[in-house]
Amino acid sequence: MASTPEPRKNQLLSALPDAEWQRWLPLLEAVELPLGEVLYESGSTLSHVYFPTTAIVSLLYVMQDGASAEIAVVGNEGIVGISLFMGGGSTPSRAVVQSAGKGFRLKAHVLKEEFNRAGPVLHLLLRYTQALITQMAQTAVCNRHHSLDQQLCRWLLLSLDRLQGNELVMTQELIANMLGVRREGVTEGALKLQKAGLISYKRGRILVLDRQGLEQRSCECYAVVKKEYDRLLPQKIAI
């Protein structure tokens, strides 16, 4: 693994100072993240944290009756498992792979030790956590005050920011579970966007044809979240 730059495709890993990078590199484990894989369940104790590189992970809040809704997405900009270093050890959310790909994982005790050093890793992770909290808060506001059409645009744009291309492999049922709405609503929203020439949707594949059009049609929530991530996190490094 030491000879490959692959871990640097994750923004947080790419931002590690050299001393921390050298300590972490032998401990990072490459993992495949297939669509639908559950990285942790609500209430479970985390054994690892994950750094996606080409995958996207959805954080879902799960109700007692099994219903769920997405509260945030994590891709190559971040880390899955913030409760580990925030002191909770477990979380009421579920982490599910939304878009298949690859990533790296690190054992829980390694990250805790690094965080407790109170050095540059602590500050980097706290800035990321602030950005993630902004995304969660904005998602809650968006789901309450904006149309499903606007929510779908926001969700597509956030996903696109975390992918290398402009195509998402995603069923309507999965999107409905993410947004916490009925499948029929997603069908109607996707058809509107397709008629407007913004996306092409067929057989579980969404191809974004007009990103600028999606941004114009979206509510302010996407821009608020993106601005905060850009402000708090290091810029992407081309690998």
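## The cavity

A search of the whole structure, which is a predicted model, finds one cavity of 30 Å³ or more. About 30 Å³ of space lies in the largest cavity, and its lining is made up of Leu152, Leu156, Ile175, Val186, Ala190, Ile199, Tyr201 and Ile206. Two or more lining residues come from each of the elements α6 (148-161), α8 (183-195) and β9 (199-202). Sorted by class, the lining of the largest cavity holds eight nonpolar residues, with no polar and no charged residues.

## Helix α6

Helix α6, which gives residues to that lining, has 14 residues and reaches 20 Å from its first C-alpha to its last, close to the 20 Å expected at 1.5 Å a residue.

This helix is mostly covered, since twelve of the 14 residues of α6 are buried. Among them are Leu152 and Leu156, both of which also line the largest cavity.

## Cysteine 221

Cysteine 221 is found in helix α10, which covers residues 221-232. Is cysteine 221 buried or exposed? Its relative accessibility is 0%, and because buried means under 20%, cysteine 221 counts as buried.

Leaving aside residues up to four places away in sequence, cysteine 221 touches Gln138, Cys142, His146 and Arg154. Leucine 13 lies 208 residues from cysteine 221 along the chain, and the C-alpha atoms of the two are separated by 27 Å.

Notes
Residues are numbered from 1 along each chain as its sequence is written. This is a predicted model: local features need pLDDT of at least 70, side-chain atom pairs count only at pLDDT 80 or more; totals for chains, interfaces and linings use all residues. Side-chain values use heavy atoms; hydrogens and water are left out. On a 1 Å grid over the protein atoms alone, a cavity is a set of points where a 1.4 Å probe fits but cannot get out, and a pocket is an open set with protein on both sides within 12 Å along at least five of seven lines; lining residues have an atom within 4 Å of a point. Grid points are joined across faces, edges and corners, and a volume is the space filled by probe spheres set on the points. Helices (H or I, at least four residues) and strands (E, at least two) are DSSP runs, numbered from the N terminus. Ala, Val, Leu, Ile, Met, Phe, Trp, Tyr, Cys and Pro count as nonpolar, Asp, Glu, Lys and Arg as charged, and the others, Gly among them, as polar. The expected span of a helix is 1.5 Å times one less than its number of residues. Buried means under 20% relative accessible area, exposed over 50%, partly exposed in between (1.4 Å probe, protein chains only). Contact means heavy atoms within 4.5 Å.
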